[in-house]
Each structure stands twice: as C-alpha cells, then as structure tokens.
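I opened this notebook to record what I looked up about the contacts in this structure. The entries follow the order in which I worked.

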Amino acid sequence: MQTSSISQRRRALLLAAGASLVVPLAHAQAGEDIVIGGSIPMTGVFAFAGVGINAGIADYVKIVNDGGGIKGRKLRYVPEDTGYKVDVSVAAFKKITSQNKVNLYYGDSTAFSRTINPELERTGNILMTGASFATELNDPVKYPNQFLVGPDYTEMFGILLRHIAKEKPGAKVAFVYSDSEFGRDPIDTSEALAKKLGLSVPVKIMTAPGSVDVSTEVIKLRRAAPDYTIFHGYILAPIPEFITQGKQMGMTSKWMGTFWTMDSSTVMKMGEAGDGFMGVMPYRYYYDTSAKAPMLDKIRQLHPDYQSTAYIQGFLAAMLFTEAAKRTLDAGKELNGKNFKAALNSIKDFDTGGLIGVPITIKGNSIPVGRVYKADMKAQKMVAASDWIAL
Amino acid sequence: MRIGTLKETYIADAALFDSRTQQTWLVLGAALLLLFPFMASDYWLYLACLVSINVASATGLNILTGYTGLVSLGQAAFMGLGAYTVAILEIRVGSPFLLNLLAGGFVAMAGGLVVGIPSLRVKGLYLAIATIAASFIAHFLFANTAFTGRTAGLTLPPASLFGVVLDTSFRLYWIIVPVTLLMLLGAANLFRTRVGRAFIAIRDRDISAEVLGIALLRYKLLSFGLSSFYAGVAGGLWAYFFRVVTPESFPLSMSIFFLAAIIVGGMGSILGGILGAIFMTMVPELLKLAVGLLPGGSELTVFLSPVRTVVFGLLIIGFLVFEPHGLAEVWRRIRRFFHLWPFRN
C-alpha cells in the first residue's frame, strides 16, 4: 500500500511537471500572435485623448481579428495606463515587453518616445508610433524604429501657411504658442517657411501653457494687427480668451490651431468666440460625410455617437501597424523593427478607407497630409475650408 | 522576547547595527539584493532601479526636512541640476561617469547652498515658497540655455564602466543600488555625529540650539547642501537611467512626490525615507497589477484607471490620519511586538 501511495505521488508529480511544460508551450503558441503594446494615458492631463486612442486601437484590432487576423495570425493589444508620466510609461513598456513578445508599440508622449528610443534600437524588435507629433521624431536616422500618425508640428504649420499663402498672399501671420517643448517645437522653422511663402510674421507671443490672464498679450497682438493668428502648444486655454478679447478690441484676424486643439468637442467648448475658428486636421472628422469613407462608416456602425480625432488617430495607428505587419509577413521576412519600418515605408498611395481624404505615402517618419477645417458653431461641426494639402 | 542585548562598551552601544538579529537581517537583505537581478524580469529590475533613485533623493530630503526641520519643495530642481550636470559632462567632456555623478552632486549642493540662504530668516511655509521659486528659476534656466539643449533637452550616451556599456536595467542595477546603499549608510552615520545631532537640535528648537552654541546659518546651509548633494547624485543616476534630460523631467509635482514620500514613510528616520519612497513608487504599480488581475482586460483598464488613482490618494490620506509617524512607526511597532512577545503585544 505504501509503495502504491508513493507511486501515485510520483505520478502526480510527473503530471504536474508535464503540465508545467505544456503551459509555457501554450504560451509560446499564443506568442504567435502579433502583439501591440501601449503606454496609454487613461488618467492624468492627457486622459481626454488617451481614452479615445485606446478605443481606436482596440476597435481596429477587433475588426482585424474578426476578419481572420493577419495571414491567420491574431492581433493582441496590451495597453497600460501611464497617467502621462514618463517613468510610469517606461515602467509600462518594461512590463508589457517582459510579459509579451511585443512587435508594435504605441507611446504616449514625446518624452517617452525619446526616452525609449535607445531601448528600441538596442532590442531591434519593435516598431513604435504614438501620440506625439514632435518635429524631432520625424527623423528616420535618429528614430529609425518610430513613425508619426500624421504630419509633425512643423508640417502642420506648413499646411496652414500654404493655405494662408493661397488664400491671402502676403498676409501677416502671428504665432501664439505655449512656453513648453510642445509649444516651441515648430516656431523657428515655421517663421522661416512663412517668409519663404511671402508671408510676414509681425509678432510671436509665448505664454504659460493653460494661462488665463492674457490681456497684455492680446494688446501686443492687436498692435501687430495680423491677418491670421496661429495658436500652438495648447489644448484649449487660453485660446478662447485671446479670441474673445481680440474680437472685443476690434481685431479682424482669422484664428487657427493645430491638431490637439482641433477635436470637435474642444473647439465647440470655445462657444461663440470659436465660430469660424480654423485649424489643421490630418484626419476626416467622424461626422464628415462629404466623401466616400468606408472605414469611417465602419466606425459609425460600431459607435453611433461622435468619436474624437484621438480615436481616429489610434484607429489609424493600428491600421498602419497592421499594414506594416502584413507586408512584412507577405515578404516572408522576420518580424522586427527594421523590417516593419521598411514595410511601412514601402506604402505608396495607401487608401485609409477615407480616414485621410487622399491616398497616403509614408516617406520618412511622418504622413505630411492635412486639411484646413473651420468651426460652424450653428451646426456644431467642423467643416472643410480647404482641400487636402500634401506637402 | 528579545534577550541578550547587553552592551558592555560605548562602541557597542553606539554601533549602527547593534544586535545579532539586525545583522542577520542585513546579511539576508544584502543577499536578496545580490540575487534579485538574476531572478527578476526587466520590469522588476526597472522598478528596483527607479525605487533606488527615489530612495536616494527622499533620504536627501529627509536630512533637510525630517532631521533639520526645514521644509523644501525644491528637491526636483536639485535633481535637475545634478542630471543636467551629468548630461553635459557626459556629452561634452566625456569624463568617467562616477566623476560625473560626484560633480552632479556638488553642483546641486552649490545650488542648495544658495537656495538655503533664506532659511535663516524664514521657516515653514515661507521657506517652502522660497524653494518653489528655486524650482521655477531652475526650470527657466534649463528651458532657455543653449548649453542645456533648451526645451528639447539632452540625450546622453549610456554610461560605461571598464568597457561594459550600462544600457540595460540589469547592468545599471549594479551601479544604482550600491550608490544608494552608500548614501543611506552615509546618512545613517551622519546622525551619529556632531553635525547630525546639531541638525536634530535645530529641528527641535532652533533658538535653544543657538543658545547651546550651534551656528544656525552654518548648519542650516550644511543641511541644505547635503540634501541637495543627495538630490544631485540621485538626479545624475536618473539621467543615466533614462538617458534623456529635459526641463519637463523635473516638475514641481516631483518635489511634492518626495515630500509625500518622507511624510508617508516617516520624517526624521532613515527607514522612513526608504519605506516612503518604496510606497510612493510601488503602490501605483501594485494597484495596476491588482487591476490587471481582474477579468475584463483592456476595457476594464479604462474604467479602473481613475479608481486606482483615487485609491492611491486615499491610502496616502489614510496614513496621514491613522499613522502620522509614517510607515517607519508601523515597522517599529511590528518589531516591538516580536521583541516583547509573548509577554506583551
């Protein structure tokens, strides 16, 4: 009896050992998935965008998986909240990459993109994009494993300035920007471009990000009497204050913004002051039905309510990730950062299903395309004020 | 019950680690620290390094606030001074990284001495505001000087030691943790010296300390200098760890983080600084892990992320209300329980 009991125990041990071998094997099978990791700011100051980005990526991953995946391989999305803090974001990256064989990654800020870049280069396995449109990241030599899901901030200014040069040659354009890396990013290069386009920049005003009392700055702006004023480096404040006070002082300037200001819900918060507010948007708005956009139709089917431009950004990021993975697999190449990026850069005249109104070609690290939209407060919508402008 | 702690000499009485039990635990702790990198994943190694850097900086602030009674909200600015010094030396001079770390410490120390000057005239909240001003001045300098790369900041090459490039958390661990341990040892010893006791005397009643012959300005400045030195070295380690230093790397909220760490951990206790830094760094991560264990995947993350932040906030408030002496006091109580067991609990 004793012997039998020991043998049963041994058998149980053998079974347990066998099971412990099988479990990692099962994980290895799951590792065949193509994994998208994400440092996503679902709390903190950038949560308004992070929640949308997260939903956009998750929805596209579901669409791909429901359609059978990429060449039979499923996409797996592993997000972590970062609170928009670099150290937390890096911790999320380390956690996700040490628990999964990550192929693609979405980062939440310029600082994170910059911080994690040496790690991306060292491991060489991951292609990354993110919420940042920093001009610095648009450098394939310095950031070979990253790309931007749209134009960089300098290119956004380029799109606006080209629109202005066409609409009013020789116009005076004022730049109002925040005292932050985000705010200062495109200013110097854009001033040079404005001059090249025959425009003048009579005044550049820097304020604290999110500042409230801007009366002194508005007086300075009024004195310069610009035909156009471009705000950059803010989400909302102090833009409405500038416009309200400027209009009260009789300014006739047209007011403009860049991507993070341009979500429909943000512009509509400007109230009456925001009527006619213009800005650059690389994507088509959720409710823009002016042209055929099957991918937007799909999004509308999934969500009958308005989805933010951050959502579209996340969705498009996942779409480009998928396309890069598909092309790499089609070429029979190893799934690594270098091959993903080469596949991404092979994209020519790619149809985004109407998310971007023209076929896109990814040259370096960015997609230098956008359109100028204008706020119609009566309709509570952004309406196109230009055609798609590709740089 | 703990017995056999009879001390027969002054040296034994003044020993830093005075009992066999304590020494045994220390040896076990050291062994664990040695084995940890070989057992932990990249994620846990990353957290260990981050905790270690935060422990170093929190200990520095504890010297100033916990032991000398001078409130400071400028710790992040001093870390920034150290980080920028290290980055500039690494990029432009290429000097050895241990030398750079020391230089980072001394530059921050110089900054601390300047900021500490008002400490003779003002105390408490007034001094806190003066140190906030230091934060803003430092931020302005970082963001507007060509030398510091302006708003884009500086990107460092990895440190290297004897030809080994320290570019992974595993390799950096062997530098960051020993440097922090050395700093902890230094701080623990400091309060067994005349200088440390002068700090404590100033904290307890500065006028009485002055009457006793303690030169207030000298010791207050020294405390600021030492605290900033710790912050500078921590900032230097931070720079080598993240390899990117920007003006936005060291916000005011970071100074508040360290102040909260020493309050939660226990002011005026070396162990308090350690426990507080561990708590402030690890609890958000552990809460994240706990949320991750719940079924529901990424959809649940969206809903539970704000809840997690609220829970973290409540935990801090809970500690302040129920244990104002911090985690160190909780630890002391646990120890006392075992020392006295089974006679009293």
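This is a predicted model: local features need pLDDT of at least 70, side-chain atom pairs count only at pLDDT 80 or more; totals for chains, interfaces and linings use all residues.

Residues are numbered from 1 along each chain as its sequence is written, chains are lettered from A and ligands numbered from 1 in the order in which they are written, and side-chain values use heavy atoms, with hydrogens and water left out.

**Entry 1: the two domains of chain A**

I found chain A divided into domain 1 (34-151 + 290-360) and domain 2 (153-281 + 372-390), with bounds from an automatic or database domain assignment. Their centres, taken over C-alpha atoms, are separated by 28 Å. In the contact (heavy atoms within 4.5 Å), domain 1 of chain A takes part with 22 residues and domain 2 of chain A with 15 residues.

I then looked up the buried area, the accessible area (1.4 Å probe) that two parts lose on being put together, summed over both. The two domains of chain A bury about 1500 Å² between them, 64% of it on carbon and sulfur atoms. On the side of domain 1 of chain A, the most area is lost by A:Phe133, A:Pro151 and A:Thr309, together 37% of what that side buries.

Across this domain interface of chain A I recorded eight residue pairs in polar contact, both residues at pLDDT 80 or more. I also recorded one salt bridge there, a term for a side-chain nitrogen of Lys or Arg within 4 Å of a carboxyl oxygen of Asp or Glu.

**Entry 2: chain A against chain B**

I asked how many residues each chain gives to the contact. Chain A gives 23 residues and chain B gives 29 residues. The area buried between chain A and chain B is about 2300 Å², and carbon and sulfur atoms give 60% of that area.

I counted two salt bridges between these chains. In one salt bridge, the side chains of A:Glu80 and B:Lys288 meet at 3.6 Å, N to O. The rule also finds six residue pairs in polar contact across the interface of chain A and chain B, both residues at pLDDT 80 or more.

How values were computed
A polar contact is a pair of N or O atoms within 3.5 Å; within protein, one must be able to donate a hydrogen and the other to accept it, and residues adjacent in sequence count only if both atoms are side-chain atoms.
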